[in-house]
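Reader: Could you walk me through this one with me? I have the sequence and the coordinates open and would like to ask as we go.

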Amino acid sequence: MAQMLVAAIAGIVFGLGLGVSQMVDPAKVLAFLDLAGDWDPSLAFVMGGAVAVSLVAFRYSLRRRAPLLARSFALPEVSGIDARLLAGAALFGAGWGLVGFCPGPAIASFAFDQVESVLFVAAMAAGMAVANLVPGPSRRLGTTEA
Amino acid sequence: MENFTPVSALIGGVLIGASAALLMLMNGRLAGVSSIVAGVVPPGSVEQAAWRGLFLAGLVAGALIHRTVIDPGASITIAAPLPALLIGGLLVGVGTRIGAGCTSGHGVCGLARLSPRSLVATLTFMAVAMLVVFAVRHVAGGW
């Protein structure tokens, strides 16, 4: 039960971060990705801040034998760099560049009541369901996230 | 660089990092949104779908709190036309599953764990995204 509460709070804090940083806005994201245009480097600060905080927090957390509310840490078992990783990252990058949405901001953007958000997330979910049918080492749920 | 907003970007980033920290320290889970979404898309277990569903609902709630309470003027612009929107969504869905992560899973959590795999994935999706934006805006004259 406590884990469920933590998941909800973590989601809210994440969503606040996406709002405050404007990463929830595809126009802001595209302005970051548009090096040849009126480049807006703001999102590098989002990533920098997020990585800095989690780097310290993960170091501390993973030194423990277990997390505070669960029996063990669920970390990816997959390591190594293969064609699958590169192909997946490239496909993801193409979709990200085309629209300016990655999964977190796309879902958080539901807060702005635009039908485009729903269409994008529906297409994304369909893509995930299709990819889940393809067998491979990165397919298993729960422990394979990067 | 007239729209450069480093302070709010950094504050937002710290919040995202705090969320990842909370999920790891308390639940032992990574805040990789694509994996969390994939866990509520069939075929997934009901048990695993519960916390993921709550996280995703929180994501919307957090953005809603920001939009209504913190910055009532906030708006977003989704400029991609319908075909690009759908193709983009499909590519993000397929790509994040095959590559096992997105901006949060590889770009934040993976980098924070100093994973070479995540560094390569992050550099790859950033480079491809920048190339696509260049092609759309400066070659095709699109959005």
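**Helices and their contacts**

Author: The buried residues of α2(A) are covered by elements that include α3 and α4 of chain A together with α6 (116-139) of chain B. Helices here are DSSP runs of H or I with at least four residues, strands are runs of E with at least two, and both are numbered from the N terminus; two residues are in contact if their C-beta atoms, placed from the backbone, lie within 7 Å. This is a predicted model, in which local features need pLDDT of at least 70, side-chain atom pairs count only at pLDDT 80 or more, and totals for chains, interfaces and linings use all residues. Residues are numbered from 1 along each chain as its sequence is written, while chains are lettered from A and ligands numbered from 1 in the order in which they are written.

Reader: Which residues of α2(A) are buried?

Author: They are A:Pro26, A:Lys28, A:Val29, A:Leu30, A:Ala31, A:Phe32 and A:Leu33. Because 7 of the 8 residues of α2(A) are buried, the helix is largely enclosed by the rest of the structure. A residue is buried if 20 or more other C-beta atoms lie within 10 Å of its own, exposed if 12 or fewer, and partly exposed in between, with C-beta atoms placed from the backbone.

Reader: What covers the buried residues of α3(B)?

Author: The cover includes α1 and α5 of chain A together with α2 (33-38) of chain B. Among the buried residues of α3(B) are B:Trp51, B:Arg52, B:Phe55 and B:His66.

Reader: Switching to chain B as a whole, how many helices and strands are there?

Author: Chain B has 6 helices and 0 strands, and buried residues make up 58% of its 143 residues. The C-alpha trace of chain B spans about 45 × 35 × 30 Å along its principal axes.

Reader: Where does A:Asp113 lie, and is it buried or exposed?

Author: A:Asp113 lies in the loop between α5 and α6 of chain A, and counts as exposed because it has 10 C-beta neighbours inside 10 Å. Although A:Asp113 is not a glycine, it has a positive phi of about 50°.

Reader: Last one: where in chain A does pLDDT stay under 50?

Author: That applies to residues 138-146 of chain A, for which the model has 41 contacts beyond four places in sequence; pLDDT is the predictor's confidence in each residue, from 0 to 100. Where pLDDT is low, the predicted coordinates should not be read in detail. The mean pLDDT of chain A is 92, and 92% of its residues reach 70 or more.
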